[in-house]
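Here is a short report on ring contacts and pocket space. Look at the side chains first, then at the open volume.

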Amino acid sequence: MVTGSCHCGAVRFACEGSPQQAYECNCSHCSRKGFLLWFIPRDALHIQQGEAALRTYTFNRHVIEHQFCSTCGCQPFGLGKSADGSETAAINLRCIEDLDLAAIERVAVDGRAY
């Protein structure tokens with residue numbers, strides 16, 4: 001189990017599992033924000049505090065609900081569906097506490113092509 005938060009700490013969450021790799025997408029949204037994403041089943045994400053502080057941003061095809069803190073603007077995760085239709089969460093690994101990002105394998109994703 002790993003834990004994380006937005007920048008101000010209003011939103012706190014826990015995730016089952018341990019990230020081994022991060023997707024580094026080159027779409028306009030991910031590249032501007034510097035996301036390193038870890039995809040997990042939606043039910044493996046547990047919002048511990050601040051759900052009422054979350055706001056949603058969508059763009060392009062409006063299929064991913066990018067969640068951000070209404071206080072600090074930090075985006076700790078997004079919600080959507082995988083290719084097989086199952087509920088998924090895209091965790092921003094930069095919001096996970098005590099995670100050595102240098103030890104995580106990065107996988108380039110050509111999100112601009114979507």
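Rings of Phe, Tyr and Trp (its six-membered ring) pair if their centres lie within 6.5 Å; planes under 30 degrees apart are stacked, over 60 edge-to-face, the rest tilted. By this rule there are three aromatic pairs. The model is predicted: local features need pLDDT of at least 70, side-chain atom pairs pLDDT 80 or more, while totals for chains, interfaces and linings use all residues. Residues are numbered from 1 along each chain as its sequence is written, and side-chain values use heavy atoms, without hydrogens and water.

| Pair | Centre distance | Plane angle | Class |
|---|---|---|---|
| Tyr23 and Phe39 | 5.7 Å | 65 degrees | edge-to-face |
| Tyr57 and Phe59 | 5.9 Å | 15 degrees | stacked |

Tyr23 sits in strand β3 (residues 21-25) and Phe39 in strand β4 (residues 37-41), so their pair ties together parts 16 residues apart in sequence. Strands are DSSP runs of E, at least two residues; helices are runs of H or I, at least four; both are numbered from the N terminus.

Tyr23 is partly exposed at 28% relative accessible area, and Phe39 is partly exposed at 42%. The class lies between buried (under 20%) and exposed (over 50%), with a 1.4 Å probe and protein chains only.

Phe39 also belongs to the pocket story. Of the 31 residues lining the largest pocket, those closest to its centre are Phe39, Arg61, Val63, Ile64 and Tyr114. A pocket is an open set of points on a 1 Å grid over the protein atoms alone, where a 1.4 Å probe fits, with protein on both sides within 12 Å along at least five of seven lines; lining residues have an atom within 4 Å of a point. β8 gives the most to this lining, five residues.
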